[in-house]
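Me: I would like to learn how to read salt bridges in a model. Please start with the general idea and then turn to the case at hand.

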Amino acid sequence: MKSKLLQFSALFLMLAPVASVSAQTTLTALKTEYLINPIGLDNPNPRFTWQMNDATPGARQLTYRILVNTDSAALLNGKATLWNTGWQQSDLNLTTYSGQSLKPFTKYFWRLDITNGNKKTASKISAFEMGMMNMANWQGAWISDNENVKLKPAPYFRHTFSTGKKIKSARAYMAAAGLYELSINGKKIGNHRMNPMYTRFDRRTLYVTYDVTQEINQGNNAIGVLLGNGWYNHQSTAVWYFDRAPWRNRPTFCFDLRITYEDGTTETIKSGKDWKTALSPIVFNSIYTAEHYDARMEKPGWNTVSFDDKDWKAVIYRSAPSRNIVAQALHPIRNVEEITTKTIKKINDTTYLFDLGRNIAGVSKIKLNGPAGTVVRLKHGERLYPNGRLDVSNIDAHYRPTDNTDPFQTDILILSGKGAQSFMPHFNYKGFQYVEVTTSTLIELKKEDLVGYFMHSDVPTVGDVKSTDPIINKIYYATNNSYLSNLFGYPTDCPQREKNGWTGDAQIAIETGLYGFDGITIYEKWLADHRDEQQPNGVLPSIIPTDGWGYEWGNGPDWTSTIAIIPWNVYLFYGDKKLLADCYENIRKYVNHIDENYPTGLTTWGLGDWIPVKSKSPVELTSTCYYYADVVILAKAAKILGKNADYEKYNTLAQKIKTAFNAKYLDKQKGIYGTGIQTEMSVPLYWKIVPEESRQLVAQNLAKRVEADGFHLDVGLLGTKAILNALSENGYADMAYKVAAQKTYPSWGWWMENGATTLYENWPIDAKSDISMNHIMFGEIGAWLYKSPGGIRPDEKQPGFKHIILEPHVVAGLDGFEASHVGPYGKIISNWKRTQKGVTYNIVIPPNSTASMELPVVRDMEILVNGKISSNKIELTAGKYTIDTK
């Protein structure tokens with residue numbers, strides 16, 4: 001056996017899987033701008049992506065061709081009047097439109113053909129539709145009601161119109177500052193929540209396009225709009241001063257309904273002075289706190305043709321909130337999951353406590369019946385007092401109310417007395433597990449009367465992790481719950497206390513998000529927010545979007561490295577360099593600012609290792625590592641984008657930073673950074689600022705430190721990003737797993753053992769501050785599960801998992817593990833389990849991809865790939881593999 005292994009030990013074998021019955025090739029996941037059949041796009045050069053579905057061993061696309069036409073029938077015959085790429089010799093699956101100029105309001109169809117050897121495969125027809133494309137194409141006016149910014153009730157708007165001809169298609173284009181719900185003929189349009197997404201309102205405004213063909217009648221029609229405050233007219237008061245935002249005003253909107261008739265003519269019904277307005281039953285709405293609804297003020301049929309609006313008021317014109325109104329081309333927020341109440345407890349005759357059994361971001365919906373004027377208070381929170389009552393003291397810490405009319409996370413409903421009714425907030429979401437319902441009159445409630453809705457940006461799931469260790473499965477579940485709870489068109493820190501786009505939390509969690517979810521549309525939108533917020537000198541605020549708060553505190557390379565780290569990771573995961581290109585000048589300005597202010601190469605700008613367990617690292621150490629990471633990314637981006645002079649410049653700067661950092665912080669003889677605590681050792685290892693010749697000794701000393709700390713964490717936010725990876729990547733994967741799977745304080749498992757279904761903000765559960773129970777900032781462990789026991793990594797030389805680096809770590813204490821990720825080319829599976837003789841790996845490599853796998857060499861070990869002897873260094877083409885070590 002040993003001699004057989006030696007024969008192959010130095011070989012790199014390109015191994016194809018065992019041949020199977022000839023498989024059919026199909027083309028799937030055809031997307032335009034990473035969305036399936038989107039409408040209302042503005043990008044004049046949209047991107048096309050696809051996947052090849054073929055189980056044939058070594059399946060690979062040799063050439064492709066894309067055809068674009070406005071006539072779908074003509075495409076079936078191969079006719080492309082707008083764009084025919086011709087046959088491209090390429091196995092890539094991303095290309096950018098470069099045909100004839102695309103026109104606003106026009107629907108286009110595209111077809112993909114590929115060849116695989118001598119075989120040609122054609123896709124089904126896909127579509128995309130352009131939106132406004134230019135602000136000049138809007139016909140509607142910006143309108144609002146003539147009310148003071150401090151007025152609390154939300155406004156209704158309505159308009160009626162008639163159509164006399166047969167309708168072929170209809171599109172509604174809705175731009176707003178604030179939030180809205182749109183209805184036509186009494187029916188709410190779409191299942192989105194909280195549109196449009198939050199931006200810096202005075203610099204960029206988003207609009208959404210809806211297909212409303214089925215909702216428009218030939219004859220009389222009514223349009224209804226309900227406007228909410230959102231972040232635009234923030235009426236609650238908290239430490240970030242959103243109530244003083246420079247853009248603040250009464251909500252406003254602009255609306256175009258573009259109807260195309262069967263005879264080819266078009267008509268646009270638009271917002272203007274012929275619309276009417278009145279106040280709605282939503283007597284108060286705050287995205288930060290809650291919503292108050294007086295059902296006695298309901299106006300039945302307000303958004304239908306037959307409603308009598310003679311008492312409604314005229315609208316006023318308003319100037320557009322910004323000069324940059326662009327399409328919202330991303331996965332929307334939805335009520336993604338309905339969660340039934342797990343238990344109900346009657347506290348007294350008028351108070352009930354509903355427990356959903358898990359912590360979520362979203363809303364509750366209650367159904368009940370009671371006398372007119374009954375006041376129902378629905379208080380939402382994450383934890384209970386010892387007496388069983390709801391405790392919100394851990395999440396209202398930054399709220400600064402001026403009176404008692406806006407209680408934190410407490411919806412207030414006043415019943416109409418007209419029979420059973422239900423209530424769910426329109427323009428608010430909360431973070432909660434429990435809902436304490438108090439009624440001003442006696443109403444018997446039962447468990448079925450209240451449900452919760454888990455709300456978040458409805459990004460497709462693309463990853464999964466399964467382990468034989470239950471605590472790891474719980475941690476992974478909780479990590480994903482916290483990630484999604486903090487994805488609302490931008491990544492947030494927590495869904496209750498703040499809802500802020502903290503940059504530090506987001507850069508820590510970027511890989512966790514991208515391994516698990518198809519989030520490119522959200523991150524491209526959020527990096528546009530970065531570009532809106534960046535000062536001319538390159539400085540970014542610590543929360544994005546912002547009203548101006550965060551330029552003076554909390555920012556610095558450890559937090560606002562999002563400008564470099566997120567575009568770089570999107571490039572790695574998708575193989576798409578557009579975001580890197582879009583942000584290149586912003587990264588450069590940011591790096592130049594640090595270079596100008598810290599010419600030695602060392603920077604003290606930053607927050608440091610936020611909320612550490614006990615040991616505190618120097619801010620200069622961690623911030624300089626992040627500064628180095630930014631410069632390395634900038635140099636790499638320059639090379640990718642063909643900016644060779646910049647590549648040389650920033651590569652030189654990176655070396656300068658590295659030299660200065662190691663001169664100050666590394667004791668080269670001992671192999672110790674600083675005082676040798678976990679963050680000081682792991683952060684330089686993770687960001688690869690450690691000299692190559694010192695790497696092994698530094699890793700060894702980190703391992704000794706972790707052992708001395710009882711295999712427990714002694715890190716804060718920045719250290720959690722680094723610690724597990726630094727151990728796993730340097731020969732200590734067993735130790736990393738031991739730390740990750742700990743069940744005693746401080747650890748992720750400690751939270752799970754105490755009933756957590758999300759990740760917390762602080763290691764001690766009984767901490768006196770910083771104790772949100774749904775935070776993503778310690779969420780790197782989710783990505784680590786893919787990278788270390790799962791062993792799935794992108795290769796920056798062939799990004800987008802075109803080439804996959806497979807290095808699964810079979811760790812002591814774990815009997816089996818599986819990680820899967822649907823990358824741009826398809827599903828990657830890395831599965832291993834211990835056997836009586838060794839380890840069996842089951843690997844799936846998608847079509848058009850290759851992988852490199854290197855197994856650790858063990859004395860007398862034999863490696864079999866699909867039954868054939870192999871070396872420990874294995875090169876794989878597309879297909880399924882069983883690899884046994886004996």
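Reply: Side chains of opposite charge can pair when their charged atoms come close. This model is predicted, so local features need pLDDT of at least 70 and side-chain atom pairs count only at pLDDT 80 or more, while totals for chains, interfaces and linings use all residues. Residues are numbered from 1 along each chain as its sequence is written, and side-chain values use heavy atoms, with hydrogens and water left out.

Me: How many salt bridges does the structure hold?

Reply: There are 46 salt bridges, each a side-chain nitrogen of Lys or Arg within 4 Å of a carboxyl oxygen of Asp or Glu.

Me: Which parts does the pair of Arg 203 and Glu 533 tie together?

Reply: Their side chains meet in a salt bridge at 3.7 Å, N to O. Arg 203 lies in the loop between strand E15 (187-188) and strand E16 (205-211), and Glu 533 in helix H5 (residues 520-533), so the pair joins parts 330 residues apart in sequence. Helices (H or I, at least four residues) and strands (E, at least two) are DSSP runs, numbered from the N terminus.

Me: Is Glu 533 buried or exposed?

Reply: Glu 533 is buried, at 1% relative accessible area, whereas Arg 203 is partly exposed at 35%. Buried means under 20% relative accessible area, exposed over 50%, and partly exposed in between (1.4 Å probe, protein chains only).

Me: Which residue forms a salt bridge with Lys 787?

Reply: Glu 780 does, with the closest N and O atoms 2.8 Å apart. Lys 787 is buried at 2%, and Glu 780 is buried at 1%.
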